[in-house]
Every structure is written in C-alpha cells, then in structure tokens.
Amino acid sequence: MNAIRSITAGKSHRLPARLKLLSTRLGSLILLFQRMPVVQLLFPEANIIGGASVANTISLAVTTVVGLGVFDSVAGQSQISQRTPLVVLGKEPATATATAATAINVPATVSASLNFGFNWDPANDFSRVKSWRCTTGGNPGTLPAGLSPASDDNTAVLPGVTVGVGTIIPITGTPSTPGIYPVTVRVYKDNNYGGEVAAQIFNICVLGFSGQPTATPASISSGQTSSLTCTAAGNPAAIPIVGSGPPAAQPAGTLTYQWYRGLTGDISNPVGTPNSTTPGFTTLTLTATTDYWVRIKSVLGASTVTADSNTVTVTVTPVSSPFETWASVLPEGQRGANQTPQNDGVTNLEKFAFNLNPLAPDVRHLTVGANETAGLPGGIHTGGKLRLEFLRRRADAIPNPGITYTVQFGSDLSPAGWTEIP
C-alpha cells in the first residue's frame with residue numbers, strides 16, 4: 001500500500017499509461033489494468049497529487065462496490081430485463097446493439113389491458129444512467145393499435161429506483177390488433193440520449209385472430225356436417241438465443257384451441273377435442289342452425305393469455321320429406337297427413353302411400369294381378385284363400401320414401417287383436 005501512496009504522491013515512480021485510479025465516497029480505490037482485465041485490486045482511499053502531465057495519464061472510471069465481492073465495470077455486464085407481465089432476463093452482456101436473436105417475448109392479448117415494464121440492471125453503476133427511450137424501429141406508428149409508449153425520459157435518472165434497479169412502465173393500453181411487434185428499449189448514461197449504454201428488443205406478442213372462424217360449407221342440409229377453422233396470430237415464436245448469459249433460449253408459446261357451441265363467451269357447451277393444438281373442428285351431423293366460437297390459449301412460461309373469436313353460424317336448411325314434397329301441390333292448410341281435402345274419405349297420407357291423385361277424389365282399388373301402379377289395396381277370394389295386393393314405395397328409392405308399410409292380421413276388428421306379419 002505504501003508503494004501505491006508514494007506513486008500517487010509523485011515521488012519516485014511514473015504512473016503506467018493504462019493505469020486507472022478512482023477516489024470514491026465509499027472510501028475505496030479501484031485499480032484497473034486495461035492490459036490485464038482480469039486483475040482488479042481494491043485499495044484504501046488515496047489522495048491523488050500530480051501535475052498536468054500526470055493528470056493526462058489518469059482516466060477516472062466509476063464503479064460501485066457491492067459488499068466486498070466482485071467488482072465490475074459497466075461494459076459487458078449491464079442488462080435490460082422484462083419486469084411485467086413476466087420476469088424475463090435479457091442477454092448478458094447487453095450492449096447498445098440489440099438484435100432479434102436476443103429479443104424477449106412479451107405476452108399480451110387483444111381487448112385486455114397491457115402494462116409492459118422493464119428493469120434496468122446497471123451492474124453496479126446506476127448513477128450513470130440519465131435517460132431512456134422506447135422506439136419501434138424508429139417508427140412509433142408500428143406499435144399495435146391501442147398501445148402507446150410512455151414519454152421518453154431524457155433529463156433525469158430512471159424512476160422507481162431500488163438497489164440499483166430501475167422499474168419502467170413504458171407501454172400501456174389495450175391492444176386491438178393481433179400480431180408480433182418488436183419494440184426497442186434504450187438507456188443512456190447522459191441526459192438527452194447521450195452515450196447509449198445498452199438496448200434490448202422486446203417482442204410485444206398480441207394474441208388474437210388474423211382470420212376469424214369460418215364454416216365450410218356455411219349452409220348445409222339437415223343431417224350434414226360442416227368444417228370449422230380459424231387463423232391465430234401473436235403466439236410467441238421460439239427464439240434460439242445464442243451467446244453467454246441467461247436465458248439460453250426462449251421456447252415458443254404453446255397454442256391450443258377449444259371450440260364451443262353457442263355464442264361467444266358461453267363456455268357451457270364445449271365441443272371437439274379439449275385443448276387441441278390444431279385449429280380445425282368438424283361438427284356432428286346437424287338438424288338445426290347452430291352457432292360456434294373458439295377460444296385460443298397461449299402459454300409462455302408462467303404466463304397464460306387467451307383470446308375469444310367471433311361467433312360463426314352454420315345454417316341448416318331442413319330437408320323436405322318425400323311426403324312434404326308430394327303434398328306441396330296442395331293449397332296451404334290442406335297438406336296435413338290426416339287431412340282429406342277432396343272429401344273422398346282417403347287421407348293425404350293414404351294417397352301418398354298408394355300413389356293416388358291428391359288434387360281430385362280418388363278411391364280406386366287395385367285389380368289383383370293386373371300390375372297397376374296406382375290404387376288402394378285390392379283383394380280376391382280364390383281357392384279358399386284371401387289374396388291381397390298393395391303398392392308400396394320402394395325402401396331403396398332415392399330419396400328414401402320416408403314411409404313404412406306394415407301388414408297385420410287378426411280374428412276381429414279390435415286393435416288389440418291385430419298381429420304384425422312379415
């Protein structure tokens with residue numbers, strides 16, 4: 001120690017050209033040899049005395065002593081970390097050159113408020129940070145709609161300082177446009193953005209839909225199905241960060257889809273595969289017009305954000321039965337199966353079953369064995385047996401006839417006494 005004091009008193013030795021001396025309020029002196037950066041020595045406070053020629057060889061450097069542990073200069077140790085909505089470290093060392101390979105993902109979602117903040121960890125020299133700014137590639141207009149950056153601080157030390165860490169909330173609002181938006185946060189050692197110390201890119205990942213749900217086809221006949229799909233946007237992509245310091249890499253957000261039957265927000269009727277990783281969903285066969293919507297969920301570390309889609313409607317057109325098609329020639333109000341609009345005692349259903357004329361009285365019977373194509377059932381008694389003959393609409397007809405024929409027999413006219421026969 002005496003040797004150092006004699007040097008600083010300018011007695012018998014010259015200071016090395018690369019020697020840096022610092023007198024601090026902590027009563028300590030740090031000696032840094034630039035040619036040997038791994039050598040860092042701590043000395044008691046000394047009075048530096050020398051003329052102009054000596055002063056020219058001395059360059060003062062500012063560091064902060066943390067206990068009696070490691071002493072670092074600012075260069076190569078400072079970093080900017082995400083404070084909210086997640087606590088995610090930046091790359092170390094952070095420099096004024098920020099790249100996409102060292103970006104940090106910030107999860108967000110449409111129609112939900114976002115308070116994005118960051119920490120400036122000055123690595124033992126917070127006092128050198130005098131200003132900061134938030135930029136979006138030099139164009140603030142590239143922020144997603146609904147978000148706005150806080151005013152840059154160009155004259156004062158960063159607010160919210162605790163133990164050498166500044167907490168800033170530079171971007172707030174409710175985003176309405178899904179997508180991924182890079183934002184660069186820069187800090188400076190001087191006022192008015194002078195002497196940039198470090199920079200960090202943050203990807204504001206706004207989860208939402210670049211393509212709302214669609215149904216293909218959107219209109220179906222009763223008994224058919226429809227395929228639903230959507231296109232999500234804003235799920236954080238994987239960042240294979242390289243270099244020293246945490247984090248080693250950032251995985252992609254895990255994106256899943258859950259479809260529901262009903263209007264948007266109604267989760268009482270989930271359909272399809274729970275938490276599917278594919279956006280598609282095929283409905284069951286539908287007989288009535290039905291609404292659907294989908295909720296997408298992105299999980300990134302400790303953060304989970306969701307976004308709900310619009311409602312998509314699958315319109316189902318009822319299919320007219322063969323009887324309804326047949327009866328459509330009758331006036332409204334006269335098309336019921338059990339109605340007899342011709343007052344001939346033969347119902348519409350019976351005329352449909354036996355191919356009779358719906359627009360005129362028609363009570364004819366088949367002539368057994370004549371191969372006729374219209375008429376009520378006919379019968380004859382021959383050879384001691386009763387022979388009956390009736391028409392039927394074929395079961396394999398296209399479209400299906402929509403009617404079933406059943407033959408029964410009995411010993412009396414009581415309904416309870418009738419038995420179905422093949």
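Trainee: Where is Pro175 found?
Mentor: Pro175 is in the loop between β10 (165-173) and β11 (179-190). Helices (H or I, at least four residues) and strands (E, at least two) are DSSP runs, numbered from the N terminus.

Trainee: Is Pro175 buried or exposed?
Mentor: Pro175 counts as buried, because its relative accessibility is 1%. Buried means under 20% relative accessible area, exposed over 50%, partly exposed in between (1.4 Å probe, protein chains only).

Trainee: What does Pro175 touch?
Mentor: Leaving out residues up to four places away in sequence, Pro175 touches Thr109, Val110, Ser111, Ala112, Leu114, Ala145, Gly146, Leu147 and Val206. Contact means heavy atoms within 4.5 Å. Leu143 is 32 residues from Pro175 in sequence, with 9.1 Å from C-alpha to C-alpha.

Trainee: Before we go on, what should I know about the model and the numbering?
Mentor: This is a predicted model, where local features need pLDDT of at least 70, side-chain atom pairs count only at pLDDT 80 or more, and totals for chains, interfaces and linings use all residues. Residues are numbered from 1 along each chain as its sequence is written, and side-chain values use heavy atoms, with hydrogens and water left out.

Trainee: How many helices and strands does the protein have?
Mentor: Four helices and 24 strands. Of its 422 residues, 36% count as buried. Take contacts between residues at least 6 apart in sequence: 59% of them join residues at least 24 apart.

Trainee: Let's talk strands. How many residues of β5 are buried?
Mentor: Six of the six, residues 104-109, so β5 is largely enclosed by the rest of the structure. Ile104, Val106 and Ala108 point one way, and Asn105, Pro107 and Thr109 the other way.

Trainee: Which strand does β5 pair with, and in which sense?
Mentor: β5 pairs with β12 (residues 194-216), in the parallel sense, over six bridges. Two strands pair if DSSP finds at least two bridges between them. The bridge partner of Val106 is Ile204 in β12.

Trainee: What about β11 and β12, how many bridges there?
Mentor: Eleven bridges, and β11 and β12 run antiparallel. Val185 stands opposite Gln200 in β12. The two strands form a hairpin with three residues between them. Asn192 in that turn has a positive phi of about 60 degrees.

Trainee: And where does β7 come in?
Mentor: β7 (residues 131-135) is joined to β11 by five bridges, running antiparallel. Arg133 stands opposite Arg186 in β11.

Trainee: Switching to cores. Which residues have the most contacts inside the largest nonpolar core?
Mentor: Phe118 and Ile204, in a core of 47 residues. β12 gives the most to this core, with eight residues. A nonpolar core is a set of buried Ala, Val, Leu, Ile, Met, Phe, Trp, Tyr and Cys residues joined through side-chain atoms within 4.5 Å.

Trainee: So what is Ile204 in contact with?
Mentor: Setting aside neighbours within four places in sequence, its contacts include Val106, Leu114, Phe116, Leu147 and Ile171. Gly179, Ile180, Tyr181 and Val183 are also among them. Another core, of eleven residues, lies apart from the largest one; Trp326, Leu330, Val346 and Leu356 are among its members.

Trainee: Next, Ser309. Where is the place of Ser309?
Mentor: In the loop between β19 (303-308) and β20 (312-317). Ser309 is buried, because its relative accessible area is 2%. A polar atom of its side chain lies 2.9 Å from the backbone nitrogen of Val294.

Trainee: What is phi of Asn275?
Mentor: Near 50 degrees, a positive value in a residue other than glycine. Asn275 is in strand β16 (residues 270-276). Asn275 counts as partly exposed, because its relative accessibility is 44%.

Methods. Polar contact = N/O pair within 3.5 Å; in protein donor to acceptor, adjacent residues only side chain to side chain.
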